[in-house]
Amino acid sequence: MGKSSKEKIELAEKLLINKTSYRLIQEELKKKFGSGLSNTTLRDLQRDQSRINILEEKIEFLEDELALFKKLYFQLRKATKNRLLKEFSPKE
């Protein structure tokens, strides 16, 4: 990407997240900063945002999987402990 200001890029990213068209983004940038961004830069920002969304979805999925495995682990550990206590407890 070029030498665009950080504020300009942040505004463009925010507008891309809201699914704003390139034309409207360019208009908004020109109003606020006096110039827009190239469509190539907007495309690159959008591609980066898409990757971020995919990675956030993967993280959420993996966190759910981890929670499930932790739950199953503790259930198995408890059941094993109870079984061992039953088998090796003194019999009357």
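A residue is called buried here when its relative accessible area is under 20%, exposed when it is over 50%, and partly exposed in between, using a 1.4 Å probe and protein chains only. The structure is a predicted model, in which local features need pLDDT of at least 70 and side-chain atom pairs count only at pLDDT 80 or more, while totals for chains, interfaces and linings use all residues. Residues are numbered from 1 along each chain as its sequence is written, and side-chain values use heavy atoms, with hydrogens and water left out.

Helices are DSSP runs of H or I with at least four residues, numbered from the N terminus. Helix 3 covers residues 39-88.

The buried residues of helix 3 are Thr-41, Leu-42, Asp-44, Leu-45 and Gln-49. They pack against helix 1 (6-17) and helix 2 (22-33), where contact means heavy atoms within 4.5 Å.

Helix 2 contains Gln-26. This residue counts as buried because its relative accessible area is 13%. Leaving aside residues up to four places away in sequence, Gln-26 touches Gly-36, Leu-37, Ser-38, Asn-39 and Leu-42. Leu-42 is itself one of the buried residues of helix 3.

Next come the charged side chains. Side chains of opposite charge can pair when their charged atoms come close. A salt bridge is counted when a side-chain nitrogen of Lys or Arg lies within 4 Å of a carboxyl oxygen of Asp or Glu. The count by this rule is 5 salt bridges.

Arg-23 is exposed because its relative accessible area is 56%, while Glu-27, at 37%, is partly exposed.

Helix 3 has charged pairs as well. Arg-51 and Asp-48 meet in a salt bridge at 3.4 Å, N to O. They are 3 residues apart in helix 3, which means a separation of about one helical turn. Arg-51 is partly exposed at 48% relative accessibility, and Asp-48 is partly exposed at 30%.

Asp-44 also forms a salt bridge, with Arg-43, and here the closest N and O atoms are 3.5 Å apart. Asp-44 counts as buried because its relative accessibility is 16%, whereas Arg-43, at 43%, is partly exposed. Salt bridges link Arg-43, Asp-44 and Arg-47 in a network.

Leu-68, Phe-69 and Leu-72 form a nonpolar surface patch, with about 290 Å² of accessible area together. Patches are made of residues with over 30% relative accessible area and no salt bridge, with like charges joined within 9 Å and nonpolar side chains (Val, Leu, Ile, Met, Phe, Trp, Tyr) within 5 Å. Accessible areas come from the Shrake-Rupley method with a 1.4 Å probe, and for residues only the protein chains shown count as cover.

Rings of Phe, Tyr and Trp (its six-membered ring) pair if their centres lie within 6.5 Å; planes under 30 degrees apart count as stacked, over 60 as edge-to-face and the rest as tilted. By this rule there is 1 aromatic pair. Tyr-73 and Phe-74 form an edge-to-face pair, 5.0 Å centre to centre with 70° between the planes. Tyr-73 is partly exposed because its relative accessibility is 45%, and Phe-74 is partly exposed at 45%.

Terms used:
Helices (H or I, at least four residues) and strands (E, at least two) are DSSP runs, numbered from the N terminus.
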